[in-house]
Amino acid sequence: MKLLLVEDDPAMQTTLQRALSRRGIRVQACGDGRVALDLWLGNPPDVVLLDLTLPGMDGLQVLAAARKEGLRTPVLILTARGTVGDRVLGLNAGADDYLPKPFDLEELEARLRALARRSADSNADLEDKSAPSAITVGSLRYEKESGAVYHLDQVMELSPRELALLRPLLAQPGHAVTKERLFELVFPGAQEVQFEAIEVIAYRLRKKLNHTGVQLMTLRGLGYLLKASA
């Protein structure tokens, strides 16, 4: 696993870099928000471990800028800010998990590996080199290389979580994907997120699909599926 560690405290940065490297994780570390964004864009890691309090750009600004650039790398926010409000801000900005300081190193490692594993699983069906470079369902087209979803050649404005929900459904059009599986893909490692949150993301995505002729259908007891109108 390749990790980008963004932490401005030199002692904490050194400690984490050494400890995680001993566990077989390749760690690239920096302590500045703007530098972190450049590193992320230039050499995307498997997971980003991101502090919120940073010079140059704070962690939320770095995260927002990365998501705007289309970077889908899983992000675990690591910060001394422990309030519910801060957690909500981080998750709404596109973070995938949140661990307040102080923390247990074993738990941190487990969460990082869970994010990397779930991200790899969510991409598996779309990364087959022998498969077509795009998936089409009705008027929707998913371009694997860019990660963008198009409707009639226009890029759809989707949040990272909406895209995380849509991708596995595009990979299996007409087939149900369970809520449990989708929850793991949309909220990987987020232990404090209620299971019903997946319904909120589905509601938002359904509204954006209303004009496309592709329906996001709920199958009671089974999950969700995509169906193109005849």
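This is a predicted model: local features need pLDDT of at least 70, side-chain atom pairs count only at pLDDT 80 or more; totals for chains, interfaces and linings use all residues.
Let me begin with strand S7 (residues 140-143) and strand S8 (residues 149-151), which pair in the antiparallel sense over three bridges; two strands are said to pair if DSSP finds at least two bridges between them. Helices and strands here are DSSP runs, numbered from the N terminus, with at least four residues (H or I) for a helix and at least two (E) for a strand.

Residues are numbered from 1 along each chain as its sequence is written, and side-chain values use heavy atoms, with hydrogens and water left out.

Back to the pair: Leu140 has His151 of S8 as its bridge partner. Both strands belong to an open sheet of four strands in the order S6-S7-S8-S9, with antiparallel pairing. Its edge strands are S6 (134-137) and S9 (154-155), each of which pairs on one side only. Helix H6 (residues 160-171) lies across S6, S7 and S8, and runs at about 105° to S7; such angles run from 0 to 180 degrees between N-to-C directions, and axes are lines fitted to C-alpha atoms, for helices over the stretch in contact.

Now to another pair of strands. S1 (residues 2-6) and S2 (residues 26-30) pair in the parallel sense over five bridges, and the bridge partner of Val6 in S2 is Cys30. Four of the five residues of S1 are buried, so this strand is largely enclosed by the rest of the structure; buried means under 20% relative accessible area, with a 1.4 Å probe and protein chains only.

Is Asp51 buried or exposed? Asp51 counts as buried because its relative accessibility is 3%. Leaving aside residues up to four places away in sequence, Asp51 touches Val6, Glu7, Asp8, Gly59, Leu78, Thr79 and Lys101, where contact means heavy atoms within 4.5 Å.

Finally, consider H3 and its neighbour, helix H2 (residues 33-42), whose axes come within 10 Å and cross at roughly 25°. That makes H2 roughly parallel to H3, since angles under 35 degrees count as roughly parallel. The contact is made by Gly33, Leu37 and Trp40 of H2, together with Val62, Leu63, Ala65, Ala66 and Arg67 of H3.

Notes
Buried means under 20% relative accessible area, exposed over 50%, partly exposed in between (1.4 Å probe, protein chains only). Angles under 35 degrees count as roughly parallel, over 145 as roughly antiparallel, 65 to 115 as roughly perpendicular and the rest as oblique.
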